[in-house]
Amino acid sequence: MDHLIAAAIHDAKNSLSSLGVWLDKARGEHDSAALHHAADLAARVNAQLVELLALHRAGEGSLRLAIADHNLADFLADLQTELPPGAERVLQVANADSLGEWAFDAYLVKFVLLDALRNALRHAHARVKLSAVIEVGHLHFRIEDDGPGFPAAVLQGEQGVMSTHSSGLGLSFARIIAERHATPDGRHGRIELHNDSGARFCLVLP
Amino acid sequence: MDLRGKTGLLIDDVAEMRNAVRIQLADAGIQSCDSVRNVKEAVVKLTARRYDLVVCDYNLGQGADGQQLLELVRRNKLLPLTTAFLMITGETGYEQVSTAAEFAPDDYLLKPFTSDVLATRLSRILDKKEALAPIYKHMGAKGDKALALAACDQVLAEQPRYATDVLRLKGDLLLALNRIDEALALYESVLQQRATPWAAVGKARALAASGKDDEAKEGLQQALAAYPNYLAAYDSLAGLLQKTDKVAAQQIVEQALKVAPSTRRQRQLGSLALENRDFSRAEEAYKRAVDKDRTGFFKSFDDYAGLAKSCSEQGKTQEALAAVKDMGVHFTRSPELAAHQAATEAGVQLRAGNTAAAQAALETALAVSKDANLAPETALAVAQACFASGRNNEAKAIIQAVAEDHHENDEVLAQAQSVFSAAGMGSEGAMFLEATRKRMVKLNNDAVAMAKAGQLDEAVTMLAEAADRLTNNCQVAINAALAVLMQAQKQGPTPEHFALALRYILQARKVNADYPRLGEVIAFYRKLAPPGTPPIPEQ
């Protein structure tokens with residue numbers, strides 16, 4: 001049964017990947033805002049499947065992170081090529097050139113941040129800020145928006161209430177991926193949610 | 001980095017993908033691009049020329065994958081460090097690619113991707129390769145690790161962006177140069193800044209190299225808890241455990257195989273399981289090694305020999321003999337094959353109680369090994385079969401010849417030791433091998449001392465005799481060339497001197513072009529040689 005779930009998710013992902021190729025082809029022939037949104041939606045469903053697969057694997061004990069060094073400036077540059085349409089008008093990305101490298105699972109962390117960015121972009125009035133900062137032996141990826149902030153239930157850590165648009169999958173995924181980032185001396189990553197002048201999402205990696 | 005004018009090799013078994021990626025590479029400015037379908041064609045291309053970049057799909061069909069290909073071409077020095085290697089993968093292959101151990105691709109890219117993303121990644125890798133070129137220059141076939149180390153410090157000062165890459169190379173170089181304390185200090189200073197898998201494993205390797213095996217093992221176990229996908233940690237830990245606790249080593253290799261399948265690790269598992277007398281597990285592992293790879297590029301004689309042995313030990317004589325036969329199907333006819341098949345069959349027949357058939361097979365193996373200059377592994381397999389049949393003197397004679405020919409090669413000496421151990425003669429074998437090694441060291445020292453004392457004719461006679469017999473011994477060949485040249489210098493050079501010296505220089509270079517004193521002897525030859533002497537051919 002368990003491997004059927006994983007196989008079904010893989011099948012769906014493969015179909016989505018083909019859909020992506022067709023949408024690209026269609027946009028190549030005749031681009032339109034509608035096709036752009038369709039492509040973004042396909043990317044979103046793909047991200048949800050990635051999250052679902054990771055949660056499924058965590059449940060059956062076979063989720064293993066691939067932690068390796070990544071240049072933070074390059075990582076943030078790559079991340080920006082995968083943002084939803086219109087994001088560039090709202091998003092500011094802090095310069096990370098001097099940060100050098102950090103060890104993390106770039107594939108899974110990318111999905112954590114993309115999910116949090118989508119959420120921030122949906123709720124922001126005019127501005128979303130993405131930054132990476134190294135503080136006392138930890139790397140902090142911060143996403144801040146100027147929207148209404150997280151609902152109280154989310155801040156209190158209740159599951160399943162991320163927003164009316166979301167099942168809470170994204171936040172559960174983010175927590176698991178953060179927690180699974182560990183060091184040989186036993187430190188773990190975490191998610192921090194705050195309301196300041198908007199919502200502030202922070203992924204802290206050891 | 002401008003990609004225009006760069007040369008590329010594209011490897012993918014699916015024609016449509018090859019065409020699509022080729023167009024994307026052309027969009028990125030790479031006009032000169034060869035494309036091939038499989039491992040065999042890739043090896044041919046990489047042997048023939050050097051490329052700026054290789055783009056390889058993870059899944060290559062026929063049970064082969066891009067990671068195996070990368071390991072193969074890196075181990076066989078077909079892929080210079082300056083060539084960028086980008087692995088393309090679907091999301092399922094990504095998990096295996098991202099775990100790569102000793103030989104990792106420079107970067108990997110998930111399908112589907114755009115031309116822009118492909119160009120960005122390639123140019124990023126090539127920028128890095130260019131920055132690290134001063135180090136790579138001294139790490140190739142004719143390299144000098146001490147110069148490479150000096151280049152590390154220079155690049156570290158001038159190119160801080162690539163500090164992590166340089167420090168990784170520097171740590172490896174320090175370990176290779178046996179400067180263990182400095183390596184340890186480097187890894188510890190990195191780990192003080194941040195936790196990262198390569199430094200954790202590097203620190204453990206440095207601890208192990210300074211004899212602190214227990215600390216090293218503890219470090220690796222902690223690293224594995226934090227980085228369960230980091231294959232280098234499994235490999236290092238299995239290597240350490242192998243010395244003391246083969247059952248625990250087997251468990252670690254089993255775990256590594258769950259992370260990523262590889263023919264090399266199946267073989268390692270098979271060999272450990274054989275030693276642990278876990279024959280059904282050994283059979284399973286060797287069967288996977290033999291069945292998975294349908295290209296034949298990654299298999300070895302040992303896989304079939306191991307399969308035969310594990311079947312035979314379970315009383316499955318027919319299956320064991322079938323494995324011996326399959327060995328002949330999968331490798332081309334050669335003395336190596338004939339010797340392996342006969343040695344393996346001898347063991348199987350003996351275990352089945354067929355003494356006459358075992359003797360006949362062993363005679364075949366011995367006859368082949370007398371006529372051909374066999375690879376050390378093959379000769380040792382024949383020696384092992386001799387021990388099994390109680391023909392200890394013949395076994396020892398073979399091992400002695402191998403050890404004399406390879407007295408500076410720790411890997412071969414360790415294999416020879418394991419043949420003794422398998423025959424229950426571990427401590428006797430250790431003494432035997434040490435005595436052989438010392439005798440070779442003494443031969444070289446005595447001859448050099450004689451030459452220095454002016455007894456050049458005696459030195460030449462002694463070394464020439466040894467060099468003609470031990471054609472795989474680099475040190476002997478180099479000393480023989482040196483003695484002949486000194487004789488020429490003292491007694492007046494003749495064409496015969498240079499012909500002989502050249503022969504020994506080429507003999508040494510064929511065995512190991514990296515041998516430290518080879519360059520010195522070549523320079524001496526060139527200095528002494530009068531005009532008209534045959535030059536030393538370029539490699």
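The expected span of a helix is 1.5 Å times one less than its number of residues. Helices here are DSSP runs of H or I with at least four residues, strands are runs of E with at least two, and both are numbered from the N terminus.

This is a predicted model, in which local features need pLDDT of at least 70, side-chain atom pairs count only at pLDDT 80 or more, and totals for chains, interfaces and linings use all residues. Residues are numbered from 1 along each chain as its sequence is written, chains are lettered from A and ligands numbered from 1 in the order in which they are written, and side-chain values use heavy atoms, with hydrogens and water left out.

Select α19(B). Its 13 residues should span 18 Å, and its end C-alpha atoms are 18 Å apart, which agrees. Buried residues (under 20% relative accessible area, 1.4 Å probe, protein chains only) of this helix include P376(B), L380(B), V382(B) and F387(B). The buried residues of α19(B) pack against α17, α18, α20 and α21 of chain B, where contact means heavy atoms within 4.5 Å. After the helix comes G390(B), with a positive phi near 80°.

Next, select the aromatic pairs. Rings of Phe, Tyr and Trp (its six-membered ring) pair if their centres lie within 6.5 Å; planes under 30 degrees apart count as stacked, over 60 as edge-to-face and the rest as tilted. Over all chains there are 11 such pairs. In chain A, F104(A) and F141(A) are edge-to-face, 5.8 Å centre to centre with 75° between the planes. F104(A) lies in strand β3 and F141(A) in strand β5, 37 residues apart. F104(A) has a relative accessible area of 0%, and F141(A) is buried at 0%.

Key. Buried means under 20% relative accessible area, exposed over 50%, partly exposed in between (1.4 Å probe, protein chains only).
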